[in-house]
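Please find below a note on the structure, arranged as numbered points.

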Amino acid sequence: MSQAALINNYGAPPVTFVRGEGAQLWDDQGRRYLDFLCGLAVTGLGHAHPAVTAAVAEQASTLIHTSNLFANELTEEVVETLDRLIRSGPGGDTEPGRILFQNSGAEAVEAAIKLARKHQGHGRHQVITTYGSFHGRTLAALAATGQPEKHEPFQPLPPGFKHVANNDIEALESAIDPSVAAVMLEPIQGEGGVMPATREYLQAARRVCDERGVLLIADEIQTGLGRTGTWFCFQQSGVQPDIVTVAKGLGNGVPVGAVWARTDTAAAFKPGDHGSTFAGQPLALAAARAVLRELQAIDAPTTAQRLGAELQRQITQIDGVANVRGSGLLLGVELLQKPSSRNARDVASACLRRGLVVNGVTATALRLAPPLVLTDQQLSEGCDILATVLKGGSDLSDASNSSSQSIIENDNQVAGSPTR
Ligand SMILES: *Cc1c(COP(=O)(O)O)cnc(C)c1O
């Protein structure tokens, strides 16, 4: 397919996928791939999940959109479920919170920032985040993102953001002054390289925020909804944030996001303070409702723990892997740089040519975010492909070569009838 009419924002795509089923994808040449990336931690229930497909199809033929001027029959169950899961950890709130739907992660972050500012009042508007964090690409979400090199071309960005070293509680404490409204943290920095915050750091951050009257926002857009082995990743530290952002996995690919807030925090928003034409529409919520039902039915946290432990065990044994970090099914695989250096992006390209979808999340680390429906056989098959790629150091450098040769190899290796 010609990409000529697209703004060249994403570079040249290496493959055109046309179909998926569970953890598998097929390209326009009929080649099969294992998907260990899930469209960036989105399709946690796998591709073409029957329950999600049926819910979306039925809703599409019933009612897609009416706007937020009118009530929506699907809201209640999605709100009730999300609220219950967000409070389900040790130390979780006993009082229900409140939810505002969004269309994407960046919009959920924007809404969280606006809510925090409105709640704290004029003069207390700053939001502290960590270096290496990622909170989205809209101007305020970009300003919140602790990656100065991403800011540079778009200056001036909206003011009101400060960045501190990750996992450094003293740095966080000394950055809090009377102008600070909130601290926003990713329990595991996803785009920043799958870098976990420590339990101690998250607990100390909660304590410091309480002492100083500052709101704690957990950005769970990538880590939420079971993927890391608990419903929300902050639950592994036994803290309860004041505001939580959710998106990626919520619609299994249908764009939908949400902001959760404690009732007293949420009360800051009055009619007219925020809005979105599409947010919370029946089609998106039909997907979210089906996803939440299914995630509960398969006990997503336990599934992610079990598969994640097995994936870590197998990956750790591969020659060329230095270590594995992360939690559940969100893992960062740090590649050994001795005896020869390996660029993770080249390794990811070589994996793709052999039928495994992963991404190079830093120059030296791969991100694995496979779906919860991964079979044990597919898990081992994916690890075998990575092992083969890391063993064959030589084909890593020719990432831009015509890929037909190795894809034929790939066909011999993994093609065939679906294994589900
Ligand atoms: C992906 C991501 C976002 C941005 O979400 P979009 O839907 O791409 O706008 C924000 N925060 C975190 C932690 C993310 O992983």
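**Note on helix packing, the ligand site and the backbone**

1. Helix α12 crosses helix α13 in a right-handed manner; a crossing is left-handed if the near helix is turned anticlockwise from the far one by less than a right angle, and right-handed if clockwise. Helices (H or I, at least four residues) and strands (E, at least two) are DSSP runs, numbered from the N terminus. The residues on the α12 side of this contact are Val 347, Ala 350 and Cys 351, and they meet Ile 385, Leu 386, Val 389 and Leu 390 of α13. Contact here means heavy atoms within 4.5 Å. By class, the contact of α12 with α13 comprises 7 nonpolar residues, no polar ones and no charged ones. In this classification Ala, Val, Leu, Ile, Met, Phe, Trp, Tyr, Cys and Pro count as nonpolar, Asp, Glu, Lys and Arg as charged, and the others, Gly among them, as polar.

2. The model is a predicted one, in which local features need pLDDT of at least 70 and side-chain atom pairs count only at pLDDT 80 or more, while totals for chains, interfaces and linings use all residues. Residues are numbered from 1 along each chain as its sequence is written, and side-chain values use heavy atoms, with hydrogens and water left out.

3. Two packed helices are described by the angle between their axes and the distance between those axes. For α12 (residues 344–353) and α13 (residues 376–391), the angle is about 125° and the axes are 9 Å apart. Because of that angle, α12 is oblique to α13. Axes are lines fitted to C-alpha atoms, for helices over the stretch in contact, and angles run from 0 to 180 degrees between N-to-C directions. Angles under 35 degrees count as roughly parallel, over 145 as roughly antiparallel, 65 to 115 as roughly perpendicular and the rest as oblique.

4. Helix α13 also packs with α11, at an angle of about 30° and with the axes 10 Å apart. The two helices are therefore roughly parallel to each other. Their crossing is right-handed. Among the residues that meet are Leu 307, Leu 311 and Ile 315 in α11 and Leu 379, Cys 383 and Leu 386 in α13. The contact of α11 with α13 has 6 nonpolar, 2 polar and 3 charged residues.

5. How do α3 and α10 pack? Helix α3 (residues 75–86) and helix α10 (residues 282–297) have axes 9 Å apart, at an angle of about 45°. That angle makes α3 oblique to α10. The crossing of this pair is left-handed. Residues of α3 in the contact include Glu 77, Val 78 and Arg 84, and those of α10 include Leu 285, Arg 289 and Gln 296. The contact of α3 with α10 is made up of 6 nonpolar, 3 polar and 4 charged residues.

6. Which residues surround the ligand? They are Ser 104, Gly 105, Ala 106, Phe 134, His 135, Gly 136, Glu 186, Asp 219, Ile 221, Gln 222 and Lys 248, each with a heavy atom within 4 Å of the ligand. A polar backbone atom of Ala 106 is 2.7 Å from a ligand oxygen atom, and a polar side-chain atom of Gln 222 is 2.8 Å from an oxygen atom of the ligand. A backbone N or O atom of Phe 134 lies 3.3 Å from a ligand nitrogen atom.

7. Two peptide bonds deserve a comment. The bond from Gln 155 to Pro 156 is cis, with omega near 0°, and Pro 156 is in the loop between α6 (148–151) and β6 (161–164). Lys 338 and Pro 339 are also joined by a cis peptide bond, with omega about 5°; Pro 339 is in the loop between β14 (330–335) and α12.

Methods: Polar contact = N/O pair within 3.5 Å; in protein donor to acceptor, adjacent residues only side chain to side chain.
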